[in-house]
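Subject: Structure handover

Hi,

Here is the structure I promised to pass on.

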Amino acid sequence: MVYSPPGKDWFCAEPVSNTSDAFNLNATYDPTQVGGQPLEPGQSLTSVMTFDVAFSE
């Protein structure tokens, strides 16, 4: 998800691997359509993401 406020020279990026509200959407859609991974207590999940940044005028 990316937020870039009008008139500002910065942005905020939050990496996500699922649709917003995926856990509630799982009641209507197949989990493979919306993403998300439920975890049991004590479980963990690791992911790696790489950003390539380029500046232009």
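Below are my notes, going from the whole chain down to single residues.

First, some ground rules. This is a predicted model, where local features need pLDDT of at least 70, side-chain atom pairs count only at pLDDT 80 or more, and totals for chains, interfaces and linings use all residues. Residues are numbered from 1 along each chain as its sequence is written, and side-chain values use heavy atoms, with hydrogens and water left out.

On confidence: pLDDT is the predictor's confidence in each residue, from 0 to 100. The mean for the protein is 87, and 100% of its residues reach 70 or more. Strand 1 (residues 2–3) has the highest confidence, at 92, while helix 2 has the lowest, at a mean of 84.

Now the overall picture. The protein has two helices and two strands, and the order from the N terminus is β-β-α-α. The protein is more spread out than a compact globule, because its radius of gyration is 16 Å, well over the 10 Å that the globule rule gives for 57 residues. (That radius is taken over C-alpha atoms, and the rule is 2.2 Å times the number of residues to the power 0.38.) Along the principal axes, the C-alpha atoms fill a box of roughly 45 × 25 × 20 Å. Helices here are DSSP runs of H or I with at least four residues, strands are runs of E with at least two, and both are numbered from the N terminus.

How much of the protein is buried? Buried residues make up 7% of the 57, where buried means under 20% relative accessible area, exposed means over 50%, and partly exposed is in between (1.4 Å probe, protein chains only). The accessible surface comes to about 5,500 Å², with 54% of that belonging to carbon and sulfur atoms; these areas come from the Shrake-Rupley method with a 1.4 Å probe, and for residues only the protein chains shown count as cover. As for contacts (heavy atoms within 4.5 Å), take those between residues at least 6 apart in sequence: 6% of them join residues at least 24 apart.

Next, the segment after helix 2 (31–34), which is where Met 49 lies. Met 49 counts as partly exposed because its relative accessibility is 48%. Together with Phe 51, Val 53 and Phe 55, Met 49 forms a nonpolar patch on the surface, and the four have about 540 Å² of accessible area together. A patch takes residues with over 30% relative accessible area and no salt bridge, joining nonpolar side chains (Val, Leu, Ile, Met, Phe, Trp, Tyr) within 5 Å and like charges within 9 Å. A salt bridge is a side-chain nitrogen of Lys or Arg within 4 Å of a carboxyl oxygen of Asp or Glu.

Ser 47 is exposed, at 67% relative accessibility.

Pro 38 sits in the segment after helix 2 too and is exposed, at 55%. Leaving aside residues up to four places away in sequence, Pro 38 touches Phe 23 and Gln 43. Pro 38 and Phe 23 are 15 residues apart in sequence and 8.1 Å apart in space, C-alpha to C-alpha.

Last, have a look at Asp 21, in the loop between strand 2 (12–13) and helix 1 (22–25). Its phi is near 65°, a positive value in a residue other than glycine. Most residues other than glycine have a negative phi. Asp 21 is partly exposed, at 47% relative accessibility.

Cheers
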